Amino acid sequence: MGYVRNFDAVVVGAGNAGLSAAVRLQLSGIRTLLVEKNAVPGGYATSFVRGRFEIDPSMHELCDVGPEEDPGGVRKLLTGYGVGLKWHRVPTCYRIISTYSDGAPMDVTMPTGEQEFLDAVEAAVPGSREASERFMGLMRQVSEALGGSPMNGGLAPLAELRERYSDLLHTGGYTVDEVFDACDMPPRCRDIYSAYWGYLGVDTGRLSFLHYASMLYLYITKGPYIPDHTSHTLVTAMEQRFRALGGTVLYGTRAERFLFDADGGLCGVRTTAGDVGCHFAIANINPEMVYGTMVPPELVPEREKKLATLHQGRICGRMYGAYFCLNRSAQELGLSDHCVFLSGTADTRAEYERIMSGWEQDDYAFFICYNVTDPAFSPEGTCVCSFTTFCRPEDWEDLAGAAYEARKNALAERFLGLFLEKTGIDLRPYVEEVVIASPWTFARYAGAPEGSAYGYATADWDGVVARTMGLEQEFRLPGLYTVGAAGPRGVGYNSNMTTGQTVAELAMRREQARGLLTDLKQAAGDLVTDIRETASDAGVTLKALRADAGDVAKSVTEAIGGAVESLAENLTEAVETVIQGEAHQDA
Ligand SMILES: Cc1cc2nc3c(=O)[nH]c(=O)nc-3n(C[C@H](O)[C@H](O)[C@H](O)COP(=O)(O)OP(=O)(O)OC[C@H]3O[C@@H](n4cnc5c(N)ncnc54)[C@H](O)[C@@H]3O)c2cc1C
């Protein structure tokens, strides 16, 4: 096969997961090519410019960064990679303006810090402290047992889990709501603790407690963070590190197919810039697209075919985002919260069902004002805000032209109205630039099915715990691996950076084993050839031996024959002499 170039590994897609995997491989000296269809790195983690503003389309806040003196998983991972970055700590966890599930109005602001959070819950729901502490204690234990973010450090041995983290085992199979029940959490208390459900896109009736608890506890104890400027700073820093380590990047290049040798092992990637030879590839692409369009159908493993069927209807987190650049500072506008969850009800199941019943009912949005955390996020005297909500694919499917624009604008108007109604702040007179992204914007840009930023719903049989524990069973085609939001740790910047690292390490381990196997096969092949050659030499010798043996036998026979003949002659002579002698005596 003619390749334009050869590498040890190819990483397809420079999203958070792909970049992390690429840096990790290159750190181990694996010669890696990173192929990205867009002109810049990052996928959803990117930025774009309108007028005098730079806008971040996806980052609200990051989990698991932590302060320098108590670093979280993301900070540790980046330090390990040799990537330095300036971070801003978001001052509070969140504000929720909604309705408690019992129908009463709700407006609470939750601080960071375990005790501060418990105090704020008690102030909002007097008498709830005992239950609240019980719930917090469980979250603490889960977080410690899991080594921070979901499965960061892997699980401790079972004996240690039993002894030190028995509640992890007790809560492992339950949903958030079931653990609320077990802790006798008052309904309003649950409403407060549930607010981050939207960051995972699954209501607390289906969401795994372990998954949610490990995220919420990290936000509470380590605080949310944003990188200086936009998420583009983060991905550019990773990309530069990758290059500094000797990695190669091809932008504006789409990977079209994965190539396999006669034994079914990956041997290259077909891209719009030509075929590239490699020993293995990591795709930062949804597995359904990988196995559905980029792998020869006859090689697609049964497991992937079954998963494709099971995942139907489980695509999660199709986003709509409206970004407003305002010509007043956050302070002038009275904006003092980085993150506000706006919803009709804090009952997560009811809210999820309302969103999924159609865009006309959608009253759920995350509001973000970046300048509250980083006053220099936009030019002096201005600020940048965004509203984000979820969508059903049906809401956008058949729209085109003016109807599509009208739907985008109608939702933006609705959220500005909702914000005015809930906070009394009217942003409309100050809008200098506005940009709106629908799920199709995200689908076109990042290439994810239905414009999903979250992959598959991490619920029931497909929760993060099951996925992470089954990681070793994934990747059935030798040399082909997938990472990203549809992967083992689900949605989020931190999850995907960790996934990139974990899968790169798993790939290196497996490829080493595969390399050893190849070496063994080669050695076995060489041995068989040697034996054949030796056998054929032996054949020649045997032939010669046979010929010699024939000659010897012949000469032996001849010799024996000669001897027998002369013996016979001698005997005859002797007999004749004896007869003649006897006759002479008789005479
Ligand atoms: C509006 C919004 C708000 C969000 N807020 C947050 C938040 O506050 N905190 C948080 O942690 N997460 C947030 N997220 C989620 C987060 O952005 C994603 O989970 C994460 O960025 C996904 O990363 P990924 O590694 O899966 O890669 P993606 O971002 O999906 O990148 C995949 C990359 O692969 C490239 N690619 C795809 N196919 C090919 C191909 N065939 N050839 C070459 N290149 C290809 C794409 O161009 C893209 O660059 C948000 C997402 C959205 C949309």
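Start by selecting helix 3 (residues 114-124) and helix 4 (residues 129-145): helix 3 passes helix 4 in a right-handed crossing. A crossing is right-handed if the near helix is turned clockwise from the far one by less than a right angle, and left-handed if anticlockwise. What you are looking at is a predicted model, in which local features need pLDDT of at least 70, side-chain atom pairs count only at pLDDT 80 or more, and totals for chains, interfaces and linings use all residues. To find your way, count residues from 1 along each chain as its sequence is written. Helices (H or I, at least four residues) and strands (E, at least two) are DSSP runs, numbered from the N terminus.

**Stop 1: helix 3 and helix 4**

The two helices pack at an angle of about 145°, with their axes 10 Å apart. Axes here are lines fitted to C-alpha atoms, for helices over the stretch in contact, and angles run from 0 to 180 degrees between N-to-C directions. Now show the side chains of Glu114, Leu118, Val121 and Glu122 in helix 3, and of Arg129, Ser132, Glu133 and Met136 in helix 4, which make the contact. Two residues are in contact if their C-beta atoms, placed from the backbone, lie within 7 Å. Colour this contact of helix 3 with helix 4 by class and you get 3 nonpolar, 1 polar and 4 charged residues. For the colours, Ala, Val, Leu, Ile, Met, Phe, Trp, Tyr, Cys and Pro count as nonpolar, Asp, Glu, Lys and Arg as charged, and the others, Gly among them, as polar.

**Stop 2: helix 4 and helix 10**

Which residues of helix 4 meet helix 10? They are Leu138, Met139, Arg140, Val142 and Ser143, and on the helix 10 side you will find Leu210, Ala213, Ser214, Leu216, Tyr217 and Leu218.

**Stop 3: helix 1 and helix 11**

Next, select residues 16-27 (helix 1) and 231-244 (helix 11), whose axes come within 9 Å and cross at roughly 25°. Helix 1 and helix 11 are therefore roughly parallel to each other, and their crossing is left-handed. On helix 1, the contact is made by Leu19, Ser20, Ala22, Val23 and Gln26; on helix 11, by Val235, Met238, Glu239, Arg241 and Phe242. Sorted by class, the contact of helix 1 with helix 11 has 6 nonpolar, 2 polar and 2 charged residues.

**Stop 4: around the ligand**

How many residues surround the ligand? There are 37, and the closest are Gly13, Gly15, Gly43, His60 and Gly484. A residue is near a molecule if its C-beta atom, placed from the backbone, lies within 6 Å of it. Helix 1 gives the largest share of this shell, 3 residues. Helix 1, strand 15 (319-326), helix 18 (439-446) and helix 20 (493-586) each supply at least two residues. The shell divides into 18 nonpolar, 15 polar and 4 charged residues.

**Stop 5**

Move to the loop between strand 5 (53-55) and helix 2 (73-81), where Glu61 lies. Is Glu61 buried or exposed? Glu61 is buried, with 23 other C-beta atoms within 10 Å. The cut-offs are 20 or more such atoms for buried, 12 or fewer for exposed, and partly exposed in between, with C-beta atoms placed from the backbone. Leaving aside neighbours within four places in sequence, Glu61 is in contact with Val90, Pro224, Tyr225, Ile226, His338 and Cys339. Try the distance tool as well: the C-alpha atoms of Glu61 and Ile368, 307 residues apart along the chain, are separated by 9.1 Å.

Asp64 is found in the loop between strand 5 and helix 2 too. With 28 C-beta neighbours inside 10 Å, Asp64 counts as buried. Its phi is near 70°, a positive value in a residue other than glycine. Most residues other than glycine have a negative phi.

**Last stop: Phe258**

Finish in strand 11 (residues 255-260), where you will find Phe258. Phe258 is buried, with 24 other C-beta atoms within 10 Å. Not counting residues up to four places away in sequence, Phe258 touches Leu266, Val269, Ala281, Met294, Val295 and Leu480.

Conventions:
Angles under 35 degrees count as roughly parallel, over 145 as roughly antiparallel, 65 to 115 as roughly perpendicular and the rest as oblique.
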